Amino acid sequence: MQVIEYDKLDIVKYPAISLRKKTKAVKKDEVDLAILIPKMFEIMYKYEGVGLAATQIGLNYRIFVMNVEQDKNKKGEKVFINPQILEREGFQDGNEGCLSIPGIYVSIKRALKITAKALDENFQEFEVEAEGLAARAIQHEMDHLNNILIIDRITPAQKIKISLELKKMEDEYFEKIGASEGYKKTVLKHGR
Ligand SMILES: [Zn+2]
């Protein structure tokens with residue numbers, strides 16, 4: 001089992017490289033899901049998100065959690081391990097934010113309805129049909145598992161509008177970690 005310091009897990013923000021680190025399928029008993037899953041929900045609720053992928057807390061596993069219910073009760077909690085989107089139908093436009101890029105909201109076109117399959121917290125396979133916000137959240141979190149961020153899905157014109165804010169996040173991050181010029185280039189080659 002991989003040693004993870006669960007108490008130290010927290011949101012990883014753009015442009016941190018772990019958001020761009022290739023993910024691997026979760027194997028049974030490789031991570032302690034009984035600890036990891038509640039921790040993921042805890043962090044998601046703390047930052048008032050509706051979904052959270054493992055890459056957003058620095059873990060490159062194919063797992064995300066979500067709860068799109070308004071009252072955030074437990075029955076709205078869904079866990080997706082090694083998920084796949086099987087079908088997409090129609091389109092929806094809407095503003096989307098990301099806990100890893102706080103303060104940025106951009107309009108992104110997504111499929112209106114999707115069918116997905118995944119393993120749940122007990123490693124049982126399930127299939128789900130989702131629409132509207134739930135479908136949007138699943139597509140957003142799937143993107144995280146494939147290292148795609150909302151800023152990769154916007155038009156050049158949209159990107160110009162938020163470029164100053166992104167630059168500020170990059171500068172703050174690079175200063176915090178004392179990044180070399182070479183490392184900055186490696187991080188930024190992933191997009192923007
Ligand atoms: Zn996100």
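In this predicted model, strands β3 and β6 run antiparallel and are joined by six bridges. Within this pairing, isoleucine 85 has alanine 116 of β6 as its bridge partner. Strand β6 is also joined to β7, again in an antiparallel arrangement, through seven bridges, and here isoleucine 114 has alanine 130 of β7 as its bridge partner. The hairpin formed by β6 and β7 has five residues between the strands, and in this hairpin phenylalanine 123 takes a positive phi near 65 degrees. On the side of β2, four bridges connect residues 63–66 of that strand to β3, which comprises residues 78–89, and these two strands run antiparallel. Valine 65 stands opposite valine 79 of β3.

Taken together, these strands belong to an open sheet of five strands, in which the pairing is antiparallel and the order is β1-β2-β3-β6-β7. Strands β1 (51–53) and β7 (125–131) stand at the edges and have a single partner strand each, so that one side of each is left without a neighbour in the sheet. From one strand to the next, the twist averages 40 degrees.

The largest nonpolar core of the model has 39 residues, and those with the most contacts inside it are Leu52, Ala54, Phe64, Val65, Ile138 and Leu149. The elements that give two or more residues to this core are the helices α1 (33–46) and α2 (132–145), together with the strands β1, β2, β3 and β6 (113–119). Helix α2 provides the largest share, namely six residues. In soluble globular proteins, nonpolar side chains tend to be buried together. The surroundings of leucine 52 illustrate the contacts in detail: when its neighbours within four places in sequence are left aside, leucine 52 is in contact with Met40, Ile43, Met44, Phe64, Val65 and Leu99.

Helix α1 has 14 residues, which at 1.5 Å a residue should span 20 Å, and the separation of 19 Å between its end C-alpha atoms agrees with this expectation. The buried residues of α1 are Leu33, Leu36, Met40 and Met44. Seen down the axis of the helix, these buried residues fall within an arc of 65 degrees, and they therefore line one face of α1. They pack against β1 and β2, whereas the face turned away from the buried side carries the exposed residues Ala34 and Lys46.

Several features of the backbone were also examined. Most residues other than glycine have a negative phi, and most peptide bonds are trans. In the loop between α1 and β1 lies glutamate 48, whose phi is near 60 degrees, a positive value in a residue other than glycine. Glutamate 48 has 8 other C-beta atoms within 10 Å and is therefore exposed, the cut-off for an exposed residue being 12 or fewer. Asparagine 82, which lies in strand β3, likewise has a positive phi, near 45 degrees, in a residue other than glycine. Because asparagine 82 has 18 C-beta neighbours inside 10 Å, it counts as partly exposed. In the segment before α1, where proline 15 has its place, the peptide bond from tyrosine 14 to proline 15 is cis, with omega near 5 degrees.

Notes. Residues numbered from 1 in each chain as written. Predicted model: local features only at pLDDT ≥ 70, side-chain atom pairs only at ≥ 80, totals over all residues. Pairing = 2+ DSSP bridges. Axes fitted to C-alpha atoms, helices over the stretch in contact; angles between N-to-C directions. Core = buried A, V, L, I, M, F, W, Y, C linked by C-beta atoms within 7 Å. Buried ≥ 20, exposed ≤ 12 C-beta atoms within 10 Å, placed from the backbone. Contact = placed C-beta atoms within 7 Å. Expected span 1.5 Å × (residues − 1). Arc of directions from axis to C-beta.
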